Amino acid sequence: MPPSGDSPTTTYTDPTTPTELPEQEESALPTPTNQAGSGRVIDVTVGKDDQLTYEPADILASVGDIVRFHFVSKNHTVTQSSRNDPCNPLADLTGFDSGFQPIEAGSGAEKTFEVTVTQDEKPIWFYCQQFVPAKGLSHCQLGMVGAINADRTGQNSLNAFITRASSSD
Ligand SMILES: [Cu+2]
């Protein structure tokens, strides 16, 4: 038993004993880059400035949130994939897929595709299916991938996903 006397000027910290906090895992998530409450809309630009990007690509969302993808250039998709197979649709084809969304250059046109977040326990991974024949590479391999509720570090982070995508089929 530790002493239990009053010590009002001392903040208790014990850096040598990390605690697991099993019932508070969600609150242990690091600072989000784009957080919204349930039912909020999170806007993501696809192909901003003619780049092969989702912006933002690292999305944190709650159940009930809507991720609204805005296609603004070229011809991209937003297609759900899996952590270990970044550049292919889910094997059972249950994932979301916007299909190709061509945007005429200079038209200022925009198309949208929405994904409603139905669980926030596991990361949701996605990529672009477009292929660049001249490079022999897909947009996915070139880094056009994203995630909803990825970890900040480790194998479930977006950075790790990008790395896997670059060397995937
Ligand atoms: Cu693309």
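View 1. Strand β4, which spans residues 66-71, has a covered face made of Val67, Phe69 and Phe71, while Ile66, Arg68 and His70 make up its uncovered face. Strands here are DSSP runs of E with at least two residues, helices are runs of H or I with at least four residues, and both are numbered from the N terminus. This is a predicted model, in which local features need pLDDT of at least 70 and side-chain atom pairs count only at pLDDT 80 or more, whereas totals for chains, interfaces and linings use all residues. Residues are numbered from 1 along each chain as its sequence is written.

**View 2. The partners of strand β4.** Strand β1 (residues 41-46) runs parallel to β4 and is joined to it by six bridges, and two strands count as paired if DSSP finds at least two bridges between them. Within this pairing, Thr45 has His70 of β4 as its bridge partner. Strand β8 (residues 111-116) runs antiparallel to β4, again with six bridges, and here His70 has Thr112 as its bridge partner.

**View 3. An open sheet of four strands.** The strands follow the order β3-β12-β9-β6 in an open sheet with mixed pairing. Because β3 (58-59) and β6 (79-81) stand at the edges with a single partner strand each, one side of each is left without a neighbour in the sheet. β3 pairs with β12 (residues 145-148) in the parallel sense over two bridges, and Asp58 has Ala147 in β12 as its bridge partner.

Conventions:
A residue is buried if 20 or more other C-beta atoms lie within 10 Å of its own, exposed if 12 or fewer, and partly exposed in between; C-beta atoms are placed from the backbone.
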